[in-house]
Amino acid sequence: MTAAIFMMLLAMFAVIGMALTEAVKKVYENAGKPYSANVIALINAAVLGCGGTIVAYLLLAIPFTAMNIAFIPVMVGATWLGSMLGYDKVVQLITQVLALKGENKEEE
């Protein structure tokens with residue numbers, strides 16, 4: 001696997017994982033059940049990272065060598081980090097921008 005393919009897959013899996021994690025969290029919230037966002041993100045990352053990388057190998061005709069197989073758990077970990085950090089940082093950025101807009105309106 002090349003670095004370009006790894007980064008492309010990571011970007012796709014992180015975005016999908018972030019959205020899927022939020023969807024699962026909303027289901028748990030609506031059901032009133034406790035949950036751990038990090039565990040949900042890990043499970044989603046394991047499914048997306050492992051399954052998605054294997055599907056990409058098959059579709060791109062990448063051979064299952066020892067090195068390429070070693071990239072599968074690396075992709076799971078990278079997807080987990082990307083999906084955990086991504087959504088929270090996006091929400092934080094939007095909140096900060098809206099807060100700054102509110103402060104600027106008050107000054108005028």
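This is a short tour of the model, stop by stop, with something to select at each one.

**Before you click**

The model is predicted, so local features need pLDDT of at least 70 and side-chain atom pairs count only at pLDDT 80 or more, while totals for chains, interfaces and linings use all residues. Residues are numbered from 1 along each chain as its sequence is written, and side-chain values use heavy atoms, with hydrogens and water left out.

**Whole chain**

Start with a cartoon view. You'll find 3 helices and 0 strands, in the order α-α-α from the N terminus. Helices (H or I, at least four residues) and strands (E, at least two) are DSSP runs, numbered from the N terminus. Buried residues make up 28% of the 108 in the chain; buried is under 20% relative accessible area, exposed is over 50%, and partly exposed is in between (1.4 Å probe, protein chains only).

Now select Glu22 and Lys25. They form a salt bridge, the closest N and O atoms being 3.0 Å apart; the term needs a side-chain nitrogen of Lys or Arg within 4 Å of a carboxyl oxygen of Asp or Glu. The two sit 3 residues apart in α1, about one helical turn, and both are buried.

Next, pick Lys26 and Glu29, whose side chains meet in a salt bridge at 3.8 Å, N to O. Here Glu29 is partly exposed at 40% relative accessibility, and Lys26 is partly exposed at 45%.

While you're on α1, click Met12. Its C-alpha atom is 9.0 Å from that of Thr79, although 67 residues separate Met12 and Thr79 along the chain.

**Helix α2**

Select residues 37–59. This helix has 23 residues and reaches 31 Å from first C-alpha to last, close to the 33 Å expected at 1.5 Å a residue; the expected span is 1.5 Å times one less than the number of residues. Its buried residues include Asn44, Leu48, Gly52 and Tyr57. After α2 comes Ala61, with a positive phi near 55°.

**The core**

Show side chains for Met1, Phe6, Leu9, Leu10, Phe13, Ala56, Tyr57, Ile62, Ile72, Met75 and Ala78: these 11 residues are the largest nonpolar core. Such a core is a set of buried Ala, Val, Leu, Ile, Met, Phe, Trp, Tyr and Cys residues joined through side-chain atoms within 4.5 Å. Helices α1 (3–31), α2 and α3 (66–107) each give two or more residues to this core, and α1 gives the most, with 4.

Zoom in on Tyr57, which is buried at 1%. Leaving out residues up to four places away in sequence, Tyr57 touches Met1, Ile62, Phe64, Asn68, Phe71 and Ile72, where contact means heavy atoms within 4.5 Å.

**Aromatic pairs**

The structure holds 3 aromatic pairs. Rings of Phe, Tyr and Trp (its six-membered ring) pair if their centres lie within 6.5 Å; planes under 30 degrees apart count as stacked, over 60 as edge-to-face and the rest as tilted. Select Tyr28 and Tyr35: the centres are 6.1 Å apart and the planes at 45°, so this pair is tilted. Then go to Tyr57 and Phe64, where 5.4 Å and 80° make the pair edge-to-face. Phe64 is partly exposed, at 41%.
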